[in-house]
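Here is a short note to read alongside the structure. Take the points in order and keep the view of both chains open.

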Number of protein chains: 2
Amino acid sequence: MSDTREQILEQIKVQGDLVRQLKAAKESKEKCATFQTAPSGGGRVSSSGAPAQRQQQQQPQKQQQAQEQQQHEQLHQIDEEVARLLALKATLGGDAAPTNQKFTLKTPKGTRDYGPQQMTLRQGVLDKIVQVFKRHGGEAIDTPVFELKEVLTGKYGEDSKLIYDLKDQGGEILSMRYDLTVPLARYLAMNKISSIKRYHIAKVYRRDNPAMTKGRYREFYQCDFDIAGTYDPMLPDAECVKIVSEILDTLDIGDYVIKLNHRQLLDGMFQACGVPADSFRTICSAVDKLDKSPWADVRKEMVDEKGLDEAAADRIGEYVRLSGGAELVEQLLADEKLKAVPNAVKGLEGMKQLLKYCSIFGLDKRVSFDLSLARGLDYYTGVIYEGVLKGESATVASPAKTSQQNGEQANEPATVGSVAGGGRYDNLVGMFDPRGKAVPCVGVSIGVERIFSVLEARAAASGLKLRTSDVEVYVASAHKGLHEQRLKVLNLLWDAGVKAEHSYKLNPKLLVQLQHCEEHQIPLVVVLGDAELAQGLVKLREVTTREETNVKLEDLAAEIRRRQQSSA
Amino acid sequence: MSDTREQILEQIKVQGDLVRQLKAAKESKEKCATFQTAPSGGGRVSSSGAPAQRQQQQQPQKQQQAQEQQQHEQLHQIDEEVARLLALKATLGGDAAPTNQKFTLKTPKGTRDYGPQQMTLRQGVLDKIVQVFKRHGGEAIDTPVFELKEVLTGKYGEDSKLIYDLKDQGGEILSMRYDLTVPLARYLAMNKISSIKRYHIAKVYRRDNPAMTKGRYREFYQCDFDIAGTYDPMLPDAECVKIVSEILDTLDIGDYVIKLNHRQLLDGMFQACGVPADSFRTICSAVDKLDKSPWADVRKEMVDEKGLDEAAADRIGEYVRLSGGAELVEQLLADEKLKAVPNAVKGLEGMKQLLKYCSIFGLDKRVSFDLSLARGLDYYTGVIYEGVLKGESATVASPAKTSQQNGEQANEPATVGSVAGGGRYDNLVGMFDPRGKAVPCVGVSIGVERIFSVLEARAAASGLKLRTSDVEVYVASAHKGLHEQRLKVLNLLWDAGVKAEHSYKLNPKLLVQLQHCEEHQIPLVVVLGDAELAQGLVKLREVTTREETNVKLEDLAAEIRRRQQSSA
């Protein structure tokens, strides 16, 4: 039943959009027609004042006639589509209930609400991530959710088409932030900050194809940690890898690997394989697809779409299947083709140092030097990395509630791969500085939405319900007429810092109150009754054991604290 | 110097906007001209293929000629303005440095970045607020930053013009949320939730005139707590007042008063004064201005602009100067005019009950029943309240850093008044429900931006610098060649959960490292040296006392924990 309703609502939405488009198209033509008829002066408006469109005229007005015909047709089409829309709406109001809402009740495509359960899970994840960021000395910053459009222009390559623009309502032209990296670069350049270790947890916006069960949204959280400043090679870079591993460990999300590579090595490798220098970036973005597509497809893209020489593609194919550790660096440093290319050698030496530091950080089994890792964004200039869940850990459950699947792509397997990514970008800040002064940066972004998906799926599978409030004590009435007494006790508890609540009914039934506590996993109940109150006492009841003790009112807060400490 | 630069950058911005507008205007005319010339067919394009505009033609083309003239003038104007823009830019690039950024580096008008200092302050405030919300059993929810435009339509009255719309990029028509109340109502109706106690802390967006030193922004945080559900009168309402007082107390922001009033009483009062029923809302929004304007101005607005009878206005004037406590309720219940109006009596009886509960909550000295309180938004149906800072507490400092004052209104006195507000809105959820099913709600919103302003001003005046990172230990090298040892010690500390950092230089000077600790108020330093390391020892130094002790490497983390606990 409700599915059918959902479908009709969706149809109404689509139909409504169509009608709006038709009307808008008509209006814009009319506006231009006004421009056109106005300067052409007298003779076209009849003496009766009827609009020119209604009149038949000769030769030079042939187009006029055609235009009128077109307008009539257009009006007819709009009428027809409006009728269809009204018909759809009528199917909904079946039982003649008054409908005061004329649109589908939903969140925008690719977005979702977080209810208390999801928020509890989300807050838990974010708290753990912040703990790691702070353990490494991170300072928090925040920037506006939108930027001047120019700030974002030219930073994302092909992905720029996914940027949300704001309507021009007079004043500045604005766009929603696409990531937290470009705003950071703008912030550093604007405030002339040459070194900072900052974290930033905030939502970003991409008009992408959502796949919500996989944690791919149009509005989603990013958790970024970046180290800006001129430092010695690989020391900040290795710490970012360490941070990723600490976060994935603390979230206990399952087995993972952190893939490492180096943009300089990639460029050197392309050069060694005979790729022309001006094709490095486009070939690089083809390589980036290797995590989703087989080599044969990627090779086809390189050769057929990007015009790469077949032999060059095959040489790339040899390299990108390699992955390993320090021994692979040595092997490649000895590679005849690579060692002739300075960029390749520099990249390899960087990798050698990075792997050594990772080894000191105890990450030998967590990192993998992987020549197929390329990453999409243009702005990386050095180390790049990606944290990927392995096997089982990457699986998320079958679709969650329908109401949360706005605009979901169908038929996608519900697995998440990459849950963290980042790299070095030494030139981005310089793009904002009026004198081009560069501030080298390296950073990492945690893909928390995917992590939420995995953890939500796991929670759903276990059937476990998270507590969504922290209430420690419920204040209940044993009989009628005690609501003011309840308020007094509550006030005493709140002032002592105890988390407490009660029924907002004057005379709730005791059973209902006790059930509320069981449902909401509230550990303690204070039960008020005239008999006890007359002696300055209240009953304190443990919800799980149902044990009850009389406690003096003035000792109540302290007694509750004592119980909490002993049960903690 | 930098001021002049700022000014020029601002001029460039303005000039740039002008040029863009001119170009846009020209383009839109050309587009229409294309529509116009296309259907008119041959004869207008010369055989040489030159565009029609360049040709002189007779009679029916007179307009054509005028149009050409206009276009020429327009082009000339654009050229002139572009030249002016380039000249402005040239004044900046004085020393011939290459400029790779062609726009002013700023955040959008009415928005600001939060640097580490501001974030530390902000996080402290938000944490305290959340603590209060949780003490009252609040559950968190979150909603998308934008909604379908239709969700916001018709909810804000006159203020709707301040809503930010997104550009139509195909698909749904979206707007940025204006508050957190309408999204809550949408959420409740969409998920058929009939009772919840929820809090929501998030940014909202209003294209208002910013006054940033007073904490009035276009992007700003709201901290809302709302109780939805069908309950007995004034029990949830009184708890909201209690929550406001707990928050203002815990933030220690100075003396304040919570003004209380009731929409039903206001309506009853208007009726008793002879205001026609269809003018209640507009007269109410005039009364709302009494916190900023004297009665004389408000009276003028009622009489001159809103056509109210002078005698009626004077009768209102008698009432709105009244404020007090329970005794005022009694006085008004005995008022001849009011007691004849059922709405007034109902409102007064509600106030009586509310004041009684507030008294039980120990708020007698904090609340004031104030008949001049009206509140702007249309959707309130019952109790309304507003927390206001008194005297000194309301003053904020003179302007902060210039870079943070985008689009500031000049000449406004830097005081903040209202820091919390809310009320009961019983019909809003019903506006979203397809069957109009109502969910009564009451809630409060904390104006944290104003609170930040006051606290920032206070911090600036005291000269106190907040610590912006939590680093407990700095790991330093006493001499060269120890960077790998540092990484080993850091790894040990991180794995033990200690917040630690080091220099990202291979061989930093010891003095520089120690200075870093003093500047950043890091309490402890681990100093590594070959002599100690050979014995499995490191030096642990207290930064303030400069006391040093040798500690075994394997005891280091435990020793640090021990010191923290004793200093806490």
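**Notes on the A–B interface**

1. Let's begin with polar contacts: between chain A and chain B there are 50 residue pairs in polar contact, both residues being at pLDDT 80 or more. A polar contact is a pair of N or O atoms within 3.5 Å; within protein, one must be able to donate a hydrogen and the other to accept it, and residues adjacent in sequence count only if both atoms are side-chain atoms.

2. Helix 1 of chain A (residues 2-40) gives the largest share of the side that touches chain B, nine residues. Helices here are DSSP runs of H or I, at least four residues long, numbered from the N terminus.

3. A word on the source: this is a predicted model, where local features need pLDDT of at least 70 and side-chain atom pairs count only at pLDDT 80 or more, while totals for chains, interfaces and linings use all residues. Residues are numbered from 1 along each chain as its sequence is written, chains are lettered from A and ligands numbered from 1 in the order in which they are written, and side-chain values use heavy atoms, leaving out hydrogens and water.

4. Now for the contacts (heavy atoms within 4.5 Å): 112 residues of chain A meet 112 residues of chain B.

5. You will also find 18 salt bridges between chain A and chain B, each a side-chain nitrogen of Lys or Arg within 4 Å of a carboxyl oxygen of Asp or Glu. One of them joins A:Asp113 to B:Arg186, with the closest N and O atoms 2.6 Å apart.

Terms used:
Helix = DSSP H or I, 4+ residues; strand = E, 2+ residues; numbered from the N terminus.
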